[in-house]
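Work through the exercises below with the coordinates loaded. Each task is followed by its solution in steps.

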Amino acid sequence: MRYHSFPAMGTTVEAWLEPAMDIDALFNWFELVESECSRFRPESALSQLNSRPGATVPVGGILGEVIESAQEAFNLSTGLVDAATGSALLAWG
């Protein structure tokens with residue numbers, strides 16, 4: 001196993017890869033997710049969605065999958081897990 005540590009998504013990602021695994025593919029995957037789901041990137045799909053509160057906006061791709069998973073977690077936890085905390089998160093700084 002090879003260990004790698006790199007900054008992504010506002011934190012430090014630590015990964016242990018099998019010898020045959022490609023570290024560049026891992027970096028590229030995190031970049032793709034971050035490019036769609038980062039609230040810190042104005043061009044991201046999430047930022048575009050957040051800029052249109054109340055509007056009906058078609059969402060697909062990785063962001064759509066993340067939203068579906070978040071809704072499932074919300075339902076399974078009866079509201080204990082809630083990804084729709086953007087305004088509270090901003091208020092906390």
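For charge counts, Lys and Arg are positive and Asp and Glu negative, while His and the chain ends are left out. A charge is placed at NZ of Lys, CZ of Arg, CG of Asp or CD of Glu. The model is predicted: local features need pLDDT of at least 70, side-chain atom pairs count only at pLDDT 80 or more, and totals for chains, interfaces and linings use all residues. Numbering starts from 1 along each chain as its sequence is written, and side-chain values use heavy atoms, without hydrogens and water.

**Exercise 1.** Count the positive and negative side chains of the protein and find how far apart the centres of the two sets lie.

Solution. The count gives 4 positive and 12 negative side chains. The centres of these sets are 8 Å apart.

**Exercise 2.** List the elements of the protein from the N terminus on, then compare its radius of gyration with the globule rule.

Solution. Step 1: helices (H or I, at least four residues) and strands (E, at least two) are DSSP runs, numbered from the N terminus. Step 2: there are 4 helices and 2 strands, in the order β-β-α-α-α-α. Step 3: the radius of gyration, taken over C-alpha atoms, is set against 2.2 Å times the number of residues to the power 0.38. The protein has 16 Å, well over the 12 Å that the rule gives for 93 residues, so it is more spread out than a compact globule. Step 4: the C-alpha atoms fill a box of roughly 45 × 30 × 30 Å along the principal axes.

**Exercise 3.** Compare the reach of helix α3 with its expected span, and state what its buried residues pack against.

Solution. Step 1: the expected span is 1.5 Å times one less than the number of residues. Step 2: α3 (residues 61–76) has 16 residues and reaches 23 Å from first to last C-alpha, close to the expected 22 Å. Step 3: buried means under 20% relative accessible area, exposed over 50%, and partly exposed in between (1.4 Å probe, protein chains only). In α3, I62, L63 and G64 are buried. Step 4: with contact meaning heavy atoms within 4.5 Å, the buried residues of α3 pack against α1 (23–37) and α2 (45–50).

**Exercise 4.** Locate M9 and T78, and give the phi and exposure class of each.

Solution. Step 1: most residues other than glycine have a negative phi. Step 2: M9, in the loop between β1 (2–8) and β2 (11–17), has a positive phi of about 55 degrees. At 37% relative accessibility, M9 is partly exposed. Step 3: T78 lies in the loop between α3 and α4 (86–92), with phi near 50 degrees. T78 is exposed, at 76%.
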